[in-house]
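This report describes one protein chain, from its overall make-up down to single residues. The sequence and structure are shown first.

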Amino acid sequence: MWEQPIAPAGLALRPSATPDSAQVVVGGLRGHLEQLTLRRREGNWQVTERAAFPQGQFGRVRSVVTSRDGSLLVTTSNRDARGVPRAGDDLLLRLTLAP
């Protein structure tokens with residue numbers, strides 16, 4: 001599905017309006033954050049849409065969870081001996097996405 005390894009580190013299921021569709025947000029250690037839209041067709045789930053956030057915008061994404069209000073909580077961890085840490089590298093982000 002991806003041309004380069006993303007080193008997946010977090011995954012969140014977002015609420016869906018129908019039982020035959022779902023949205024999943026995948027985070028990865030290489031700065032990857034992407035929303036996948038899934039649809040059930042003939043009993044199988046297929047990715048029908050992909051929406052990627054700009055690569056490297058957040059650093060090393062560690063976890064992705066859906067909050068009660070439907071927004072995403074994303075944590076990053078950039079102070080792990082990979083590169084030179086800077087102030088503000090480790091973040092807790094709240095992202096609000098379109099339904």
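The model is a predicted one.

**Overall make-up**

The protein has 7 strands and 0 helices, and its elements follow the order β-β-β-β-β-β-β from the N terminus on. Along the principal axes, the C-alpha atoms fill a box of roughly 50 × 30 × 15 Å. Of the 99 residues, 37% count as buried. The accessible surface comes to about 6,400 Å², and carbon and sulfur atoms account for 53% of this surface. Among contacts with a separation of 6 or more, 33% are between residues 24 or more positions apart.

In soluble globular proteins, nonpolar side chains tend to be buried together. In this model the largest nonpolar core has 12 residues: Ala12, Val25, Leu33, Phe53, Phe58, Val61, Val64, Leu72, Val74, Leu93, Leu95 and Leu97. At least two residues of this core come from each of strand S5 (61-66), strand S6 (72-76) and strand S7 (92-95). Another core lies apart from it and has 6 residues, including Ile6, Val26, Leu36 and Leu38.

Which residues does Leu93 touch, not counting those up to four places away in sequence? Leu93 touches Phe58, Leu72, Leu73 and Val74.

His32 is part of strand S3. Is His32 buried or exposed? His32 counts as buried, because its relative accessibility is 5% and the limit for a buried residue is under 20%. The side chain of His32 makes a polar contact of 2.9 Å with the side chain of Glu34. Leaving aside neighbours within four places in sequence, the contacts of His32 are Trp2, Ile6, Val26, Gly27, Gln55 and Val61.

Ala7 and Glu42 are not glycines, yet each has a positive phi. The values are listed below.

| Residue | Phi | Relative accessibility |
|---|---|---|
| Ala7 | about 50° | 28% |
| Glu42 | about 55° | 82% |

Ala7 is placed in the segment before strand S1 (8-14). Ala7 counts as partly exposed, because its relative accessibility is 28%.

**A surface patch and a buried loop residue**

Met1, Trp2 and Val47 make a nonpolar surface patch of about 270 Å². Trp2 is also among the contacts of His32. Val47 belongs to strand S4 (residues 44-52). Val47 counts as partly exposed, because its relative accessibility is 35%.

Where does Asp89 lie? Asp89 is in the loop between S6 and S7. Asp89 counts as buried, because its relative accessibility is 9%. Asp89 and Ser77 are 12 residues apart along the chain, and their C-alpha atoms are separated by 7.1 Å.

Technical notes
Residues are numbered from 1 along each chain as its sequence is written. This is a predicted model: local features need pLDDT of at least 70, side-chain atom pairs count only at pLDDT 80 or more; totals for chains, interfaces and linings use all residues. Side-chain values use heavy atoms; hydrogens and water are left out. Patches are made of residues with over 30% relative accessible area and no salt bridge: like charges are joined within 9 Å, nonpolar side chains (Val, Leu, Ile, Met, Phe, Trp, Tyr) within 5 Å. Accessible areas come from the Shrake-Rupley method with a 1.4 Å probe; for residues, only the protein chains shown count as cover. A salt bridge is a side-chain nitrogen of Lys or Arg within 4 Å of a carboxyl oxygen of Asp or Glu. Helices (H or I, at least four residues) and strands (E, at least two) are DSSP runs, numbered from the N terminus. Buried means under 20% relative accessible area, exposed over 50%, partly exposed in between (1.4 Å probe, protein chains only). A nonpolar core is a set of buried Ala, Val, Leu, Ile, Met, Phe, Trp, Tyr and Cys residues joined through side-chain atoms within 4.5 Å. Contact means heavy atoms within 4.5 Å. A polar contact is a pair of N or O atoms within 3.5 Å; within protein, one must be able to donate a hydrogen and the other to accept it, and residues adjacent in sequence count only if both atoms are side-chain atoms.
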